[in-house]
Amino acid sequence: MLRRDIRNREGLEAFDVQWRDPEPGAGMLTAVLRVKNEAESLPWVIPGLLRAVESIVLIDNESDDGTPDVARQVTKEQRAEDRLEVLQYPFAVSRCGPEHLETPPDSVSSLTYFYNWSFSRVRTRYCLKWDGDMVLTVDGERAFDELRWQLEGVDGIIQIPRYPVYVESADVAYVDGGVTNREPWGWPNKASFFHGKGFEWEIPLWPEGLPFVRLPEWTCFELKWLDADEFQHWSNVGFENHTRTGRKAREWSVFHGLRDGRLPPEVQRVVSAGPDHVIDLLRQPDAARYARDVG
Amino acid sequence: MFAEPCLPVPRSLVLNRLILIAGASRSGTSLFSGMLNALGAYVPQPEVVPDDTNPRGFSEPRWVVEYHAKLLRTVGVQVADARPDAWAKTAEIAHNRSLRVELERWVRRQFRHGDHVLVKDPRLLWFIPLWVRAADRIATPRFATVLRHPLEVIQSQQTYYVAWHPNNRAAAWLNTMLFTERATRGHLRAFVPYDELLGDWMLALSRANAAMGLQLVENATASQMRLVNQLVDPSLRRSDATWSSLGVDQRLVDLTEDVWALFNQLNTAGTVGTETITGLDSARAAYVELYGFAETTAQSSVFAAQRARLWSLLTASRWSPNQTPLTPTMAAQKLAARARRTGLRALRQLGSGSSSDGTTGPPPVTSTEPQRPQ
């Protein structure tokens with residue numbers, strides 16, 4: 001099955017999905033960030049990404065915390081303004097779960113549509129799905145740097161392990177080794193790669209039989225701020241009902257456990273005793289032990 | 001006084017889900033079945049082989065197709081039969097013990113492969129009571145009917161099968177859909193809009209899953225969802241036929257559109273207010289009346305056709321110039337005797353309860369109706 005241009009049911013031509021093939025000279029990797037109110041996370045997310053990929057496409061979905069400005073500022077500090085494209089997606093996108101299920105996939109309010117529109121902006125050979133709270137580790141940056149040439153002769157799916165990190169303060173965070181998520185996060189920018197609708201969220205589609213390229217265990221971690229509402233993008237939180245939402249159920253339980261002052265099983269407390277922010281500490285290669293020790 | 005013992009519901013009846021797809025051919029049942037199959041429902045093997053009319057496959061167990069075809073031949077009913085009295089012809093089959101036991105054994109074997117067994121065959125709708133009885137001690141049956149606009153169904157049938165008159169196609173759609181709805185009342189069932197299957201299949205599947213009390217959606221993996229997404233061919237879109245281009249009589253058009261509107265009032269689970277149910281009951285009555293009118297009006301044609309066929313059958317092989325000329329009455333008597341002999345033979349074969357393993361027996365069944373030559 002091949003992707004095709006999509007006209008949205010609302011008739012908003014400016015937001016029709018129009019796929020384009022990779023452009024010569026555009027490079028290998030583009031990270032596509034679909035973000036809403038990620039101003040707090042982006043200073044840890046963008047610098048590492050800029051060291052790992054050629055381009056970043058950041059799609060802002062109605063943030064009210066200055067997310068686009070933070071993205072531009074951080075990129076400017078890295079002297080990489082020409083590698084960041086910031087776009088606005090001015091529609092309320094259905095939240096994961098039942099709200100998503102009830103939304104037709106050709107509506108601008110659909111997660112599926114939002115993803116297809118976002119990925120249609122990519123001009124490099126590969127695209128990376130990247131969340132606005134995913135921080136690359138030093139090992140991860142190195143792995144991506146190598147991937148830029150390792151992928152030249154292959155169409156494969158990039159699989160990245162990811163651990164949740166709950167941040168309490170600049171000095172204290174918690175690594176959950178009880179859940180590892182090895183999702184597909186990257187794929188070729190080709191006609192047979194696009195997004196379809198899943199029951200709770202969108203799912204990437206690709207032809208059968210492709211090789212998987214698995215990155216190291218401590219490639220990245222996902223920030224969860226204990227003082228924020230980390231579940232606002234879900235329309236229900238009855239995660240126990242489905243086998244697919246087991247990871248979310250775990251996150252819900254750990255998040256609320258930590259907020260209530262309990263240390264859930266398989267979660268490790270990490271303290272930065274020196275001047276470094278605890279997130280910077282966790283980016284270092286030896287921090288992999290937090291995941292490995294308990295995972 | 002003793003309290004009546006409360007028998008526990010067998011565990012298998014709770015866990016085993018027999019999904020029966022009952023609906024007109026070319027209405028999207030293959031697509032729907034393929035999706036359920038992709039989500040983990042087991043389609044008994046071997047299946048009918050795909051062909052040009054359905055290159056992605058039918059999801060039809062070959063054993064079931066042959067079993068149904070044999071039963072239909074015995075009672076002289078077509079897959080898409082427009083006669084309201086055909087239901088009475090197939091009714092008796094549900095009471096035939098050996099047939100039921102044969103089916104029951106087959107159903108039981110299929111649940112060795114999983115707790116969701118999917119059976120699809122356009123002939124199945126004629127034997128709903130038989131399936132319910134056969135599943136009695138094994139699984140709770142659940143029925144699914146795909147709702148595709150009859151105009152598109154007829155257009156598709158005319159394209160892929162040997163052409164019957166579109167009037168007859170419309171009548172057959174009315175007959176099968178109205179009586180299938182009636183037969184599945186009181187059971188877990190789902191009415192699945194074909195347009196939704198093409199436009200928002202995950203929502204359609206989720207609703208059908210809930211209506212039939214299945215566990216396929218809850219347990220689906222990302223790979224299975226990916227497979228479902230890849231089943232929908234974007235070129236599967238509506239046809240541009242109109243009633244007038246097909247030449248369907250206005251009385252049939254009116255009734256068909258009324259019935260289509262009633263079906264669209266049903267929610268996915270087919271549980272609606274009494275008004276819609278009453279409407280469907282009235283529509284069945286109206287159809288029976290309309291068909292009766294057509295049948296009685298065409299009596300001369302039917303009689304003439306029967307006589308011409310009978311005459312050609314007997315004279316072609318038997319008559320020679322030296323024989324006494326065959327009168328129509330003599331011919332009718334001879335044909336009746338032949339029919340009796342054939343019928344007795346067929347009944348004897350059915351009653352024997354012999355197993356029809358899909359790997360032996362008649363040549364492979366490859367489609368639901370005779371196809372147009374390519």
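In helix α8 of chain B, B:Ala171, B:Leu174, B:Asn175, B:Leu178, B:Phe179, B:Glu181 and B:Arg182 are in contact with B:Ile277, B:Leu280, B:Asp281, B:Ala283, B:Arg284, B:Tyr287 and B:Val288 of α15(B), contact meaning heavy atoms within 4.5 Å. The residues of this contact comprise nine nonpolar, one polar and four charged (Ala, Val, Leu, Ile, Met, Phe, Trp, Tyr, Cys and Pro count as nonpolar, Asp, Glu, Lys and Arg as charged, and the others, Gly among them, as polar).

The model is predicted: local features need pLDDT of at least 70 and side-chain atom pairs pLDDT 80 or more, while totals for chains, interfaces and linings use all residues. Residues are numbered from 1 along each chain, chains are lettered from A in the order written, and side-chain values use heavy atoms, without hydrogens and water.

The helices are DSSP runs (H or I, at least four residues), numbered from the N terminus.

| Helix | Residues |
|---|---|
| α8(B) | 166–184 |
| α15(B) | 274–297 |

Their axes, lines fitted to C-alpha atoms over the stretch in contact, with angles from 0 to 180 degrees between N-to-C directions, are 10 Å apart at an angle of about 140 degrees. α8(B) is therefore oblique to α15(B) (under 35 degrees is roughly parallel, over 145 roughly antiparallel, 65 to 115 roughly perpendicular, the rest oblique).

Between the chains, 21 residues from chain B and 22 residues from chain A take part in the contact. About 1,800 Å² is buried, with 60% from carbon and sulfur atoms; this is accessible area (1.4 Å probe) lost on being put together, summed over both parts. A:Lys197 and B:Asp200 form a salt bridge at 2.6 Å, N to O (side-chain nitrogen of Lys or Arg within 4 Å of a carboxyl oxygen of Asp or Glu).

Conventions. Helix = DSSP H or I, 4+ residues; strand = E, 2+ residues; numbered from the N terminus. Buried area = accessible area lost by both parts, 1.4 Å probe.
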